Amino acid sequence: PAAAPLLPELGPYARLARNHRRRMRSAAMPAHDARPLVSVVLVHHERPTLARRALASLRAQSYENVEIVLVDDGSTGADALAFLDELEAQPPRGLRVVRQPNLYVGAARNNGARAARGEFLLFMDDDNVALGAQIEIMVRAALATPADIVTYVPLHEEVDRDERVIARGHRYFPIGGGIAGGVVRNVFGDANALVRRTVFDALGGFGTQRRAVDDWQFFLRAVAHGHTIAVVPDSLAVYRFSAWAMFAMSEPVENHLHVLRAIASAPFGELDGLADLIAMPVAHEPGARFSADARLALRPAAHLWERLQHASGADAARILRALAGELRLSNVTVAAPGGGAAHAAVSGS
């Protein structure tokens with residue numbers, strides 16, 4: 001199946017997209033009654049109009065073996081509650097509603113995954129709209145490759161405060177796996193990703209620290225632990241954003257420190273040149289606003305930046321683990337004198 005017509009075109013990805021469409025048309029798919037169940041985990045918070053649009057796009061998909069788990073993240077508005085009550089009173093076939101307190105999107109995705117039954121999990125937010133045959137194309141890609149996670153090139157729509165589209169286009173082009181690039185930018189793709197259930201469970205799900213970059217951290221953690229991310233070079237869904245959205249309003253350096261937690265205790269493979277890549281965005285973010293905690297974390301780590309720039313192999317692994325400890329990125333704690341808990345830097349060996 002072909003994706004929806006592209007407006008605008010995919011630029012440098014256009015030829016890749018054409019080749020991918022041709023390959024996917026010939027990729028073998030199981031018979032309809034043997035196709036894997038895909039569980040769409042759709043997170044909603046106070047935006048019933050957008051959620052209805054997302055649900056309509058899912059009902060229009062060509063792939064039939066789908067269940068939808070809509071997770072409401074603590075909505076309290078009258079319109080949102082009426083929308084949820086309506087869904088629960090007359091649930092569309094294959095849809096379940098899970099309600100939770102306002103625990104943020106990471107916890108909502110994890111709770112939705114726990115309620116899901118599918119071999120594959122497709123995560124979706126209420127500001128996503130599935131295009132064309134998104135689910136079928138992503139499943140074909142997953143079955144035709146060794147990919148553990150499948151992403152795509154998101155088509156972005158910028159909206160004003162009245163939800164009117166004021167710009168439409170591609171803000172970035174993901175390239176898939178790779179620790180070296182992934183510590184600098186989210187090179188992996190959008191949170192609207194297809195994930196093998198076994199891999200999601202092995203990684204322990206998304207982070208729950210109320211950050212705007214939990215998807216980026218999840219992908220980096222996956223790659224750091226040897227899992228494969230494949231990018232469909234095509235626009236399979238729309239992501240709506242605004243200048244006052246959660247990510248746009250968040251602190252970039254704090255976000256980056258949060259992302260780096262993903263590699264604090266991971267097995268290291270791609271270490272050469274990693275120092276410059278980490279140091280550039282975290283220590284030298286132009287115009288960055290450092291909180292007091294971030295300043296305290298970065299100051300004692302300065303000497304490790306310099307050492308890591310000239311290290312490789314086992315030495316780099318030791319320094320990087322020590323750096324993770326200095327930045328308070330390790331999850332390791334030890335008993336402290338007096339019965340409390342103290343943070344332990346992971347120095348490795």
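A pocket is an open set of points on a 1 Å grid over the protein atoms alone, where a 1.4 Å probe fits, with protein on both sides within 12 Å along at least five of seven lines. Its volume is the space filled by probe spheres set on the points, which are joined across faces, edges and corners.

This is a predicted model: local features need pLDDT of at least 70, side-chain atom pairs count only at pLDDT 80 or more, and totals for chains, interfaces and linings use all residues. Residues are numbered from 1 along each chain as its sequence is written, and side-chain values use heavy atoms, without hydrogens and water.

**View 1. The second largest pocket.** The space here is about 380 Å³. Its lining (residues with an atom within 4 Å of a point) has 16 residues, and Glu64, Val66, Glu67, Arg93 and Gly94 are closest to the centre. Two or more lining residues come from each of α2 and β2 (66-73). Helices (H or I, at least four residues) and strands (E, at least two) are DSSP runs. β2 gives the most, 3 residues.

**View 2. Helix α2, residues 48-59.** At 1.5 Å a residue, the 12 residues should span 16 Å, and the end C-alpha atoms are 16 Å apart, which agrees. The expected span is 1.5 Å times one less than the number of residues. Buried residues of α2 include Leu50, Ala54 and Leu58.

Terms used
Buried < 20%, exposed > 50% of the residue type's maximum accessible area, 1.4 Å probe, protein only.
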